[in-house]
Amino acid sequence: MRAVLTWRDKVEQCVYDLAFKPDGAQLIVAAGSRLLVYDTSDGTLLQPLKGHKDTVYCVAYAKDGLWSPEQKSVSKHKSSSKITCCSWTNDGQYLALGMFNGVVSIRNKNGEEKVKIERPGGSLSPIWSISWNPSREERNDILAVADWGQKLSFYQLSGKQIGKDHSLNFDPCCISYFTKGEYILLGGSDKQVSLFTKDGVRLGAVGEQTSWVWTCKVKPDSNYVVVGCQDGTISFYQLIFSTVHGLYKDRYAYRDSMTDVIVQHLITEQKVRIKCKELVKKIAIYKNRLAIQLPEKILIYELYSEDSLDMRYRVKEKIARKFECNLLVVCADHIILCQERRLQCLSFSGEKEREWQMESLIRYIKVIGGPPGREGLLVGLKNGQILKIFVDNLFAIVLLKQATAVRCLDMSASRNKLAVVDENDMCLVYDIHTKELLFQEPNANSVAWNTQCEDMLCFSGGGYLNIKASTFPVHQQKLQGFVVGYNGSKIFCLHVFSMSAVEVPQSAPMYQYLDRKMFREAYQIACLGVTDTDWRELAMEALEGLEFETAKKERKKRGETNNDLFLADVFSYQGKFHEAAKLYKKSGHENLALDMYTELRMFEYAKDFLGSEDPKETKMLIAKQADWARNINEPKAAVEMYISAGEHCKAIEISGDHGWVDMLIDIARKLDKAEREPLLMCAHFFKKLDNPGYAAETYLKIGDLKSLVQLHVETQRWDEAFALGEKHPEFKDDIYVPYAQWLAENDRFEEAQKAFHKAGRQGEAVRVLEQLTHNAVVESRFSDAAYYYWMLSMQCLDIAQADPAQKEVMLGKFHHFQHLAELYHGYHAIHRYVEEPFSFHLPETLFNISRFLLHSLTKDTPLGISKVNTLFTLAKQSKALGAYKLARHAYDKLQGLQIPARFQKSIELGSLTIRSKPFHDSEELVPLCYRCSTNNPLLNNLGNVCINCRQPFVFSASSYEVLHLVEFCLEEGITDEEAVSLIDLEAPRLKRENKWQEITSNNAQTLRLDESMDSVGEDDPFTAKLSFEQGGSEFVPVVVSRSVLRSMSRRDVLIKRWPPPLQWQYFRSLLPDASITMCPSCFQMFHSEDYELLLLQHTCCPYCRRRVDDPSP
């Protein structure tokens, strides 16, 4: 790690704090009472910001704000000690406070203390700087704490300390994390900024200063660091992290996170991590040895076993000394230290065994193998000299000397050739024995010989990988990075910090050798890795070049050892086809002879070769002939041949691809119904070619009814699908579910719901209805919402009837949805009155509806229903109709609600004007209980029931007036059927007698009322039953006996005939002359005149939308 000073500036005042703009383009500096804005690219002072009258100690850029928009003011909380520093967690949920008394307090957003951390030093160790790790990859939030007890510590959010305290030996004044949290910067009284790992391991100094460092910050998403000092110095550094790594054949070791070493096996991609917990300075790897240089020691590791795939390392030796070196090399029993011109050979115990002094700076060093303790080293110098050194020999051997400095070296596998990359990016290849320059190539930055082939090397440079075989031209392909190794067909490439193995086909160099008829060399290249086609080409070229040994090797490589077969191949390539066929037959490979004839399109010769006229073989030949016809673009001929060869599938495929429907029909009708696969292919192409009728005929032929159903569904031929479903009920789900989905996709949701219901998919039906209902409420279509809730209730009733296990739950939902349907049906009129310019309802109707809703909304208010709208309507209509007391109550209630601005003026005016009206309600509006004849108040605390007898009111579903109906129950033991039959008897009524008597006497006529006669009304048992006053707190329903039922008139009784498991409900009209109509579907009650008018307007029931012409109930 190196710190390079980018720019520096000095101001007159102490720099207490710094802050980067989130994009890193600008730097804000707190210097005295001024704020200075710098351009981070070159240190230009953009502008000074004035306005503070006192010293500025802290600056920061706003990111997402400190307080929520709803918060009007800053909340304040007392602290037990002076707060010196603070830091928010990444998610902004917790704030850590560092205090002068040595305590760290972690609080939530509301200021409540959740964790209290007391440092051992107490008030003698003030907490001077804290910071949360900004990394998003850490599983836990980690807090770094630096105190003036000269300690650095780490804590979890829970307050648990991570590891031990780290001694600093200086008073820390500032702490700052890198953007990803991998490193920490610490500055303070030691007049420098130190770089630490996230675990607290010191890595080195960033830059030494002349005074205390009060602040240091990292530029976002970069390796730039800025430092602010007490004397006003502002320094901007770039941190450069160099690559520390080592490579030997297929093992690559590199530094990670500055303190770890990762060893990677480049073939198997296995990796192992070695944690050193100190700064790793150098790495060297050789065979089963690994050397790691740390600041105060060198660790020597070895593999557990001799297995080439073993990745387990253990410490073999430890050299507890500090070394300064540029390069580090490890051998079987030694380590080699390179320091500028000097090489030192040390044993694993740390003793220096020998030393070499070079003429120039050492630029490159590499172990080239050898016996343990006698390994050879290849050394390249800056003056162009290249030497070979053995670790057990004091004398260096000069291999050659060139004019330019050495950058990279490698020696071929046989030690006969040397490749050098010089400082001019030139790759030079020498013969070691003759010192002759064999060739040179430009644009190279690294080079490597193939360890398995003497004449092949590769070099990289300029974004390209160059492969060179012998003296042939270079083969290029794009590649980023540096080549560091070449083994067989794999090239090891280092790009930035990542090492990868690139598989490179050796076809290009093989063909270069083949072009020059160098068959043996081409064979060696092919052995490194080429395709089967390349192998065959090599064999053919060798045959043509009469290099039979190479051709035989190639065949042997592919597992072929038969000489007759080899000679047959030679004859076939010489054009002697009949002789070749005989040899193929002799070697037992008749199939090769047939392949040869068919490839040459000699089908007649092939038939003669068969001789026996085997039908199976003949069909095979015809099929091959058809293949040939197909390939030469003669599809009709190919179809006919395939049909004659029995290859119906291929014939169908060609016909289908060319759209020949007539041909497909002919094939499908000739095929037997047992041949399912070709018939299914025909059906597939019929569908694809938009001929569903023929596809249906084919499916019927093979009896595949399921596919036929799918065909009707896919082509949306619903009538045919429904007809098939009637005959085969097992396909009901396969028809109605897609039909319902199709309806839903075409916005026909109500029909889709019915289709789901018909398919037995009650869950989907309910879900569609629930979604429709929710949408209707959200879109303020309350009439639709009422209708959907009614449908939902009936759906729940069906489920309760079909599934006893869900009976209780579904009945509860039924009553709930019925209630919601009534509420939304009524609220529809209120909403239209409030939102639309003209009212479609009489004032009395709006008055009744708003009262009905107000009495019904005693608990939770359903979604979409506005109490403000309801009370506003009630207030206006009450005032208009003379119910001034109720209007005043409504206006008072509105004062406690949040009123829309458009109503505000009207409500305030109404609240004032109502004060001038009498404090009573018009008696004409007071509702009457038809059971006990009690006048009920307009505002009823009990809801929609009588205050005296508690009898629930029955409302008209159009005008919402209280209907003259009283519900009654049957005496125990009377069934619904018996009750209906008793009511239908129509018992004879007593004839109404004339009680007035006329008397004529003394020229005068006198009329006298006969009081002795009983009133007819007293003979009505139902009237007698209902005439008493109940007056209790509990509701007691009217229970009728058989005699009472017999006395009733059929036209006076209305029955809600609910399906099971619900019971029927019975109502008696107490004013028979006033006609009431009940919808047979939803059982809602209406005044007959209103119902008939609504039917004329809508042609259906306004509540359940049952059409007039619908015969079903």
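Visitor: Is Val 104 buried or exposed?
Guide: This is a predicted model. In it, Val 104 is buried, because its relative accessible area is 0% and buried means under 20%.

Visitor: Which strand is Val 104 in?
Guide: Val 104 belongs to strand β8, which covers residues 103-108.

Visitor: And what does Val 104 touch?
Guide: Setting aside residues up to four places away in sequence, Val 104 touches Leu 97, Val 115, Lys 116, Ile 117, Ile 127, Leu 143 and Val 145. There is also a distance to give for Glu 118: this residue and Val 104 are 14 residues apart in sequence, and their C-alpha atoms are 6.5 Å apart in space.

Visitor: Let us step back. How many helices and strands are there in the protein?
Guide: The protein has 29 helices and 55 strands.

Visitor: How much of the protein is buried?
Guide: Of the 1113 residues in the protein, 47% are buried. As for contacts with a separation of 6 or more, 44% of them are between residues 24 or more positions apart.

Visitor: How many residues are in the largest nonpolar core?
Guide: That core has 82 residues. Trp 790, Tyr 824, Leu 894, Leu 965, Met 1085 and Cys 1101 have the most contacts inside it. Helix α20, residues 782-802, gives the most to this core, with 14 residues.

Visitor: Why would nonpolar side chains gather like that?
Guide: In soluble globular proteins, nonpolar side chains tend to be buried together.

Visitor: What about a second core?
Guide: A second, separate core has 49 residues, including Leu 294, Phe 323, Val 329 and Ile 389.

Visitor: Back to Leu 965, then. What does Leu 965 touch?
Guide: Not counting residues up to four places away in sequence, Leu 965 touches Val 954, Leu 1054, Phe 1067, Arg 1068, Ser 1069, Ile 1076 and Met 1085. Leu 965 is also one of the residues that line the largest cavity.

Visitor: How many cavities of 30 Å³ or more does the structure hold?
Guide: The structure holds one cavity of 30 Å³ or more. The space in the largest cavity is about 40 Å³.

Visitor: Which residues line the largest cavity?
Guide: The lining consists of Cys 929, Tyr 930, Arg 931, Gln 951, Pro 952, Phe 953, Val 954, Val 962, Leu 963, Leu 965 and Val 966. These residues divide into nine nonpolar, one polar and one charged.

Visitor: Tell me about Tyr 960. Where does Tyr 960 lie?
Guide: Tyr 960 lies in the loop between α25 (901-913) and β48 (965-970). Its phi is near 60°, a positive value in a residue other than glycine. Tyr 960 counts as buried, because its relative accessibility is 7%.

Visitor: Which loop holds Glu 269?
Guide: Glu 269 is in the loop between β23 (260-265) and β24 (271-275). This residue is not a glycine, although it has a positive phi of about 65°. At 44% relative accessibility, Glu 269 counts as partly exposed.

Visitor: Now the serines, please. Where is Ser 194, and what polar contact does its side chain make?
Guide: Ser 194 is in strand β16, residues 192-197, and its side chain makes a polar contact with the side chain of Arg 202 at 3.3 Å. Ser 194 counts as buried, at 1% relative accessibility.

Visitor: And which polar contact does the side chain of Ser 856 make?
Guide: The side chain of Ser 856 makes a polar contact with the side chain of Asn 944, at 3.2 Å. Ser 856 is in helix α22 (residues 843-856) and is buried, with a relative accessible area of 14%. Leaving aside neighbours within four places in sequence, Ser 856 is in contact with His 819, Leu 823 and Asn 944.

Visitor: What is Ser 412 in contact with?
Guide: Leaving aside its neighbours within four places in sequence, Ser 412 is in contact with Lys 417, Trp 449 and Glu 454. Ser 412 sits in the loop between β37 (406-411) and β38 (417-422), and counts as buried at 2% relative accessibility.

Visitor: One last thing: is the peptide bond from Pro 1060 to Pro 1061 cis or trans?
Guide: That bond is cis, with omega near 10°. Pro 1061 lies in the loop between β52 (1053-1056) and β53 (1065-1069).

How values were computed
Residues numbered from 1 in each chain as written. Predicted model: local features only at pLDDT ≥ 70, side-chain atom pairs only at ≥ 80, totals over all residues. Heavy atoms only, no water. Core = buried A, V, L, I, M, F, W, Y, C linked by side-chain atoms within 4.5 Å. Buried < 20%, exposed > 50% of the residue type's maximum accessible area, 1.4 Å probe, protein only. Helix = DSSP H or I, 4+ residues; strand = E, 2+ residues; numbered from the N terminus. Contact = heavy atoms within 4.5 Å. 1 Å grid on protein atoms, 1.4 Å probe; cavity = no way out; pocket = protein on both sides within 12 Å on 5 of 7 lines; lining within 4 Å. Points joined across faces, edges and corners; volume = space filled by probe spheres on them. Nonpolar A, V, L, I, M, F, W, Y, C, P; charged D, E, K, R; others polar. Polar contact = N/O pair within 3.5 Å; in protein donor to acceptor, adjacent residues only side chain to side chain.
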